[in-house]
Amino acid sequence: MQLDGMHHITMITGDAQRNVDFYADVLGLRLVKKTVNFDSPESYHLYFGDEHGSPGSLLTWFEFAGAQPGRAGAGMVHTIQLGVPSEESLNFWEQRLGEHGYSSTRSDGSLSFADYDGLGLELVVANPQNPPLQASYAPIPPQHAITGVEGARAYVGRPLEADQQLLTETLGFSAGDTPGSYRLQGPTRGFNWTYEPTENHGIQGAGTVHHIAWHSTDADHVLWQERVGAAGMHVTPVIDRDYFNAIYFRQPQGILFEIATTSPGFAVDEDAAHLGEGLRLPRQHEHLRPQLERTLAPLTNPRVATAATEA
């Protein structure tokens with residue numbers, strides 16, 4: 001039984017259109033699903049990733065319109081690392097971000113910047129063991145397109161060793177050479193997970209990470225629920241999220257972990273060629289469609305807009 005790296009990471013934003021503009025246009029990811037929050041259906045839940053919405057490529061956002069900026073602090077993820085093919089790709093992205101008004105800091109093998117909400121992002125040369133998970137978007141040359149999520153950095157909420165046993169003995173992470181560094185290597189993808197100290201108290205809001213999900217096969221999902229529970233975590237029942245099944249638990253550092261399944265995927269309710277183009281609602285909220293279509297702000301998808309212009 002082995003987790004296959006990361007499934008998705010979910011954040012909070014205060015502006016869904018700016019979210020689409022930045023991630024689907026500036027970064028060139030594909031908007032693979034436009035849906036709503038299961039627990040707050042008046043709010044968007046947007047998913048971005050590669051062409052297929054593959055686990056390992058997925059970044060998702062809850063939009064709480066007008067949400068005040070948050071601040072990453074103890075027990076929170078503060079930086080997400082996205083892969084690119086090469087050092088030359090970092091040159092391309094440094095220029096592209098600058099052209100769109102985003103400053104960045106270059107170092108050996110990486111380019112650090114923040115999105116419009118202040119979320120910390122870092123482009124890194126991808127680990128060659130990770131198959132590239134890329135979107136196809138005309139303004140981004142294929143040789144420079146983002147290849148998936150490579151890792152994340154978090155601030156400790158308790159002593160550094162508080163979750164070491166959970167990570168290594170229960171979830172299958174390997175401890176790195178540096179204290180607080182880990183790698184989750186699965187059958188097809190790996191993920192770097194790193195802790196750093198902070199004196200900041202976190203404030204959840206726009207630009208902060210809500211949770212991170214790890215990728216399980218469908219067959220092993222209930223076994224993971226049992227394994228995590230046996231390790232002393234308060235784990236939820238299996239929850240059907242329409243595009244995957246999920247279990248959740250808050251681990252000792254204070255970070256909300258999820259374990260999500262591969263199936264059924266994002267083409268279950270939408271043609272694969274048109275992912276993210278229509279509003280898709282959780283089955284339990286389909287009866288709210290007339291109301292939600294009136295109240296949710298319309299979103300312009302740059303991929304759709306570009307295709308319409310070229311038609």
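1. A polar contact is a pair of N or O atoms within 3.5 Å; within protein, one must be able to donate a hydrogen and the other to accept it, and residues adjacent in sequence count only if both atoms are side-chain atoms. Aspartate 15 caps the N-terminal end of H1 in this way, with a side-chain oxygen 3.1 Å from the backbone nitrogen of glutamine 17. Helices (H or I, at least four residues) and strands (E, at least two) are DSSP runs, numbered from the N terminus.

2. On provenance: the model is predicted, local features need pLDDT of at least 70, side-chain atom pairs count only at pLDDT 80 or more, and totals for chains, interfaces and linings use all residues. Residues are numbered from 1 along each chain as its sequence is written, and side-chain values use heavy atoms, with hydrogens and water left out.

3. Helix H1 covers residues 16-26, and its buried residues are Ala16, Asn19, Val20, Phe22, Tyr23, Ala24 and Val26. Buried means under 20% relative accessible area, exposed over 50%, and partly exposed in between (1.4 Å probe, protein chains only). Just after H1, glycine 28 has a positive phi of about 75°.

4. Two strands pair if DSSP finds at least two bridges between them. Strand E1 (residues 6-13) and E13 are antiparallel and share five bridges; isoleucine 9 is opposite isoleucine 212 in E13.

5. Contact means heavy atoms within 4.5 Å.

6. Strand E15 (residues 244-250) has five of its seven residues buried, so the rest of the structure largely encloses it. On one side, two bridges join E15 to the antiparallel strand E14 (residues 239-240), where aspartate 240 has asparagine 245 as its bridge partner. The E14-E15 hairpin has three residues between the strands, and aspartate 242 in the turn has a positive phi of about 70°.

7. E15 is also joined by six bridges to strand E16 (residues 256-264), again antiparallel. Phenylalanine 244 stands opposite proline 264 in E16. In this hairpin there are five residues between the strands, and glycine 254 takes a positive phi near 100°.

8. The structure holds 19 aromatic pairs. Phenylalanine 173 and tryptophan 214 have ring centres 5.2 Å apart and planes at 90°, so they form an edge-to-face pair. Rings of Phe, Tyr and Trp (its six-membered ring) pair if their centres lie within 6.5 Å; planes under 30 degrees apart count as stacked, over 60 as edge-to-face and the rest as tilted. Phenylalanine 173 is in the loop between helix H3 (164-170) and strand E10 (174-175) and tryptophan 214 is in strand E13 (residues 209-216), so the pair ties together parts 41 residues apart in sequence. Both phenylalanine 173 and tryptophan 214 are buried.

9. Tryptophan 193 and phenylalanine 257 are also edge-to-face, because their ring centres are 5.8 Å apart and their planes at 70°. Here tryptophan 193 in strand E12 (residues 190-196) is linked to phenylalanine 257 in strand E16, 64 residues away. Relative accessible area is 0% for tryptophan 193, which is buried; phenylalanine 257 is likewise buried at 0%. Ring pairs join Phe173, Tyr182, Phe191, Trp193, Tyr195, Trp214, Phe249 and Phe257 into a cluster.

10. Arginine 241 places its charged end over the ring of phenylalanine 38, 4.8 Å from the centre. The criterion is NZ of Lys or CZ of Arg within 6 Å of the ring centre and within 35 degrees of the ring normal.

11. Arginine 96 belongs to helix H2 (residues 87-99) and counts as buried at 9% relative accessibility. Leaving aside neighbours within four places in sequence, arginine 96 is in contact with Asp25, Val26, Pro139 and Ile140.

12. Aspartate 39 lies in the loop between strand E2 (30-36) and strand E3 (44-49), and is exposed at 66% relative accessibility. Aspartate 39 and histidine 285 are 246 residues apart in sequence, with a C-alpha to C-alpha distance of 10.0 Å.
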